[in-house]
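Please look over the sequence and the model displayed here before reading on.

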Amino acid sequence: QVQLVESGGGLVQPGGSLSLSCAASGSIRSIGAMAWYRQAPGSQRESVATITSGGSTNYANSVKGRFTISRDNAKNTVHLQMNSLKPEDTAVYYCNADIIRRDWRRNDYWGQGNQVTVSS
């Protein structure tokens, strides 16, 4: 069994910073790409940032220059540093990972979601 557990997030004023972390645990052989998605009320889930196992990153245009994704392959964790936050960044944030289990089964896994609210 594999699970992703998120931490971080919360309430911050516009212009502030928050960070999110996500740890993968369980019967893991290897982890490919890891990513953060978000879903605002009434909207579809959208990709925020992606990082490959080699460290290559990709960001949504709306967060470029403000958000930074990173990962620690030894600890099976992925992080999202969010700076210069705007009210439109308010959403539930989900981590995602492409994981090959020890039984060689490959699946897409999701964290439980953490609320990020940007408001004065």
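## Basis of the model

This is a predicted model, in which local features need pLDDT of at least 70 and side-chain atom pairs count only at pLDDT 80 or more, while totals for chains, interfaces and linings use all residues. Residues are numbered from 1 along each chain as its sequence is written, and side-chain values use heavy atoms, with hydrogens and water left out.

## The disulfide

With a disulfide taken as a pair of cysteine sulfur atoms within 2.5 Å, the count comes to 1. The bond is formed by C22 and C95, whose sulfur atoms lie 2.0 Å apart. Because the torsion about the S-S bond of C22 and C95 is about 45°, the disulfide is right-handed. C22 belongs to strand β3 (residues 18-26) and C95 to strand β9 (residues 91-101), so the pair ties together parts that are 73 residues apart in sequence; strands here are DSSP runs (E, at least two residues), numbered from the N terminus.

Both C22 and C95 are buried, where buried means under 20% relative accessible area, exposed over 50%, and partly exposed in between (1.4 Å probe, protein chains only).

## Positive phi in loops

N76, a residue other than glycine, has a positive phi near 55°. N76 is located in the loop between β7 (67-72) and β8 (77-82), and counts as partly exposed at 23% relative accessibility.

S84, likewise a residue other than glycine, has a positive phi near 50°. The loop between β8 and β9 holds S84, which is partly exposed with a relative accessible area of 41%.

Notes
Helices (H or I, at least four residues) and strands (E, at least two) are DSSP runs, numbered from the N terminus.
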